[in-house]
Amino acid sequence: MAKPLALTLGEPAGIGPDIAIAAWLQRAELKLPAFYLTGDRDFLGRRAKVLGLDVELKDVRAEDAVAAFPDALPVVATGQLATAQPGHPDDSSADAAIGSIRHAVGDVIAGQAAAVVTNPIAKSVLYRAGFRHPGHTEFLAELASGDGKPPQPVMLLWSPALAVVPVTIHLSVRDALEQLSSDLIVSTARIVVADLKRRFGVARPRLAISGLNPHAGEDGSLGVEEQTIIAPAIETLRGDGINVRGPLPADTMFHEAARKTYDCAICMYHDQALIPAKTLAFEEAVNVTLGLPFIRTSPDHGTAFDIAGTGRANPSSLIAALRLAARMAAMRPA
């Protein structure tokens, strides 16, 4: 029997609980892989009542989640209780969100779950509680490290229309420019290639690497980073035998014909990568963290406080994240 997916609660005051319940209600119709939610069953029961939904919830151990899934939404208790009302995070939000992530990762590392699927968190809420990580991606890398050096996490936005990776992630544009280096581009691309082969079944991945400046620097007249940072990285990758093109002007990389020429686009900073991905496939895109010793996927949207508890939250991206996590887990070598 396949292992279940461990789904986190996300920000309790956001739409994570809403879309988790909505996805489970469509489990049979959409033939979803079995999952359980790490969190507080009583809190989920209260949210279901707010939503006007009759949902069977069952406290389980991770190993019993698959058997329970057809008849009840399985919940694995974390010990952190949540009291936040929809759209109104309170002091319970941070501990409940962080505890849910820690528990889900622990279950996957222990072999009790096939993958982690994370609901959206509100980083500003976590920061006020002392959270010191820029986002999910970096926190997951720390959890993966144990007592050793954290692995380099790589953020992939995947959809049937486009797969794209930012080299620098949750940084201001100024800080991203300072962090960008040939070594970082090379290490990011190598992780992308390895995981596209191992977890997506792409035998020989084709990479397209963007420039940083308008028109990819226009031969140095609009900036020299293409010549001094990006081109040397591309040469190193070609020396590895990787199929890679660039530096390419970012404004012409994402139209339909261009997208057919590569399996993944690697961009220099967060918005350069995520704007085309979310424009092309907002409800289908999945956030995947590569470079970890476990599988992690997530919806590509935020907490949507304004519609939490209203029943208007669309579970499509979460459903895509659940399906992709199950697909990746099935691809992973034993």
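Guide: Let us begin with strands, which are DSSP runs of E with at least two residues, numbered from the N terminus, as are helices (H or I, at least four residues); two strands pair if DSSP finds at least two bridges between them. The model is predicted, so local features need pLDDT of at least 70 and side-chain atom pairs count only at pLDDT 80 or more, while totals for chains, interfaces and linings use all residues. Residues are numbered from 1 along each chain as its sequence is written, and side-chain values use heavy atoms, with hydrogens and water left out.

Visitor: Which residue of β2 does A6 stand opposite?

Guide: A6 stands opposite Y36, and β1 (residues 5-8) pairs with β2 in the parallel sense over 4 bridges. Strand β2 also pairs with β4 (residues 73-77), again in the parallel sense, over 3 bridges, with V76 in β4 as the bridge partner of T38.

Visitor: How many residues of β2 are buried?

Guide: Buried means under 20% relative accessible area, exposed over 50%, and partly exposed in between (1.4 Å probe, protein chains only). In β2 (residues 35-39), 5 of the 5 residues are buried, with F35, L37 and G39 on one side and Y36 and T38 on the other.

Visitor: How do α9 and α13 cross?

Guide: Two packed helices are described by the angle between their axes and the distance between the axes. Axes are lines fitted to C-alpha atoms, for helices over the stretch in contact, with angles running from 0 to 180 degrees between N-to-C directions. Here α9 (residues 182-200) and α13 (residues 316-331) have axes that come within 7 Å and cross at roughly 90°.
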